[in-house]
Amino acid sequence: MLRVRFAPSPTGYLHIGSARTFVFNWLFARHNGGTMILRLDDTDVERNSQESVDSIFDGLKWLDLGWDEYYQQSDRGELHRRMANEIFAKGLAYRDFTPSVATDEEKAHTGGPWLFNADMRNLSPEESDRRAAVGEPFVLRFRVPRATRDWVKFDDLVYGEQSKSTADIEDFALLRSSGVPTYHMASCADDADLRISHIIRGQDHLTNTFKHVLIFEALGVEPPKFAHLPLLIAPDGSKLSKRKHGPVVSVTTYRDAGFLPHAFVNFVVLLGWSPKNDREVMTRQELVDAFTLEGVNRSNATINFSDEDPFDPKAVWLNAEHIRTMPVDELAKQLEPFVPKTDKLRQIAPLVHERIRLLRDAAGIGDFFFVDQLPPYDVNELIPQKGDLVLAKKALEGGREVLAQVEWNHDAIEAGLRAGAEKLKIKTGQMFQPIRVAVCGRKVAPPLFETLVVLGRETALDRIAKAIELI
RNA sequence: GGCGCUAUCGUCUAACGGUUAGGACGGAGCCCUCUCAAGGCUUAAAUACGGGUUCGAUUCCCGUUAGCGCUACCA
């Protein structure tokens, strides 16, 4: 049975990189008919927060992919400690009574790596038990078997054969002095207990994996398969961080700007994965069908944002593509939270359908639909190509006359206005443009006839009259 | 510092060792057109550097450089 998990730690909002890891896991599970598990890795009591938990759930729910099983590590401390003690009992871990090292300066070291404190590693069992019995705090460390084996190896499904010398792996902590298991311990214990078959996670864990292999072996279980994902980085090459790059790293920023969840999924899946057939705009099902780990590449992917534009242009384009292929009824529904309340949304939706890239764009492009009074605009805007205010006035008066009596539908309005232009001996564009500005308040707007239909005769005539007064 | 990973257009990426190095976004131009958008067509733009191996390297190996990751009780 194929089982994968996404295991965020609730120490911040849901990060775009985390969201992508979730997506890769989900796609892998669905493609192979496996089980998707969500597990909250909340062993760091110092940094956990409820807001963070909420934010992660918010983000994941917005992604709308779902999961099959849910666990949180704080409920499973017993299991972790039991497994840690099992390792200790086998003699594969030892107590380290060294006081915790607080500062980076103290941690700093030159030359080779820090591996262990010899006097702690070699403490006699009696001495160790005695000090523990009197309550002296200690960290439980894994005893890396450097004397009996040279290499730790595993075969990464993305990065291939990996090996590291035991001489380069330090005696890492399993249990903190507080008794709380570390990430390494809790994660492996849960992965073993939950019978996770594939661990798909960020490449930042690639070197940690050697430690994990050691833990699985100490536990006497077959390690899962590993697949590490290339990281998402900022345009300056640094890793994405809230402090440095701001809200662009949070998925809620995408949600609030009016990305469609699936467009977001489509975007992030293309960062580090390719279907290898030049397809880019894909439905959820197409993604599930096409997704394989073989398509994952090994180099980090840059999210191309800037100060002027917080979103990668490709993400925006993909969003526009998905908006355009979405049914109008659905669009109207999605638009609701992004525009002022109106009973004409269903009519407005088709007019912005292929003109918006983010849902929030609709409020700007369709602004004149949402107000009773048009905000002031420069009277010169009314002047058409190769014309002047006199011509503008002529067009507006002629147009108003037509619109006052024409049957109120697209074809009749078009026919009427075209005939009107001919009668006035002006170009159709010279007729349409002043009317457009009069009813929309600006030169760039959705197609005129549809717009007039939605606006209604009364509003249209009223706005044209006001424009004529301006001149 | 040590260890590990990576390196194709500005960005995301494709290319059983043999291609005019392909696609997409973004840019530029043209067409269509009631403005905008969409759409169509055209175009500029890349194999980090140096050595090998090979008849032939984007592709395999080594080195350099650069970036990223991990590095004594964050995950």
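This is a predicted model: local features need pLDDT of at least 70, side-chain atom pairs count only at pLDDT 80 or more; totals for chains, interfaces and linings use all residues.
Me: What should I know about the numbering and the model before we start?
Reply: Residues are numbered from 1 along each chain as its sequence is written, and chains are lettered from A and ligands numbered from 1 in the order in which they are written.

Me: Why is Ser128 called buried?
Reply: Ser128 has a relative accessible area of 6%, and buried means under 20%, exposed over 50% and partly exposed in between, with a 1.4 Å probe and protein chains only, so Ser128 counts as buried. Ser128 sits in helix α6, residues 125–133, where helices are DSSP runs of H or I with at least four residues, strands are runs of E with at least two, and both are numbered from the N terminus.

Me: What does Ser128 touch, leaving aside its neighbours within four places in sequence?
Reply: With contact meaning heavy atoms within 4.5 Å, Ser128 is in contact with Arg95, Phe97 and Leu123.

Me: How do you know whether Pro8 is buried or exposed?
Reply: The relative accessible area of Pro8 is 7%, so Pro8 falls in the buried class. Pro8 lies in the loop between β1 and α1 and, not counting residues up to four places away in sequence, touches Leu38, Arg39, Leu40, Asp41 and Ile56. Pro8 and Leu40 are 32 residues apart in sequence, yet 5.6 Å apart in space, C-alpha to C-alpha.

Me: How does the span of helix α3 compare with the span expected?
Reply: Helix α3 covers residues 77–89, which is 13 residues, and reaches 18 Å from its first C-alpha to its last. The expected span is 1.5 Å times one less than the number of residues, and the reach of α3 is close to the 18 Å expected.

Me: What makes the buried residues of α3 lie on the same side?
Reply: The buried residues of α3 are Gly77, Leu79, His80, Met83, Ala84 and Ile87. They cover an arc of only 165° around the axis, which puts them on the same side of α3, the arc being that of the directions from the helix axis to the C-beta atoms. What covers these buried residues includes β4 (93–96), β5 (139–142), β8 (173–175), α7 (183–193) and α8 (208–219), whereas the face of α3 turned away from its buried side carries the exposed residues Glu78, Arg82 and Ala89.

Me: What is said of the phi of Asp278 and of Lys425, and are these residues buried or exposed?
Reply: Most residues other than glycine have a negative phi. Asp278 is not a glycine, although its phi is positive at about 70°, and Lys425, also not a glycine, has a positive phi of about 60°. Asp278 lies in the loop between α11 (261–269) and α12 (284–290) and has a relative accessible area of 77%, so Asp278 is exposed. Lys425 is found in the loop between α18 (410–424) and α19 (428–440), and its relative accessibility of 74% means that Lys425 counts as exposed too.

How values were computed. Side-chain values use heavy atoms; hydrogens and water are left out.
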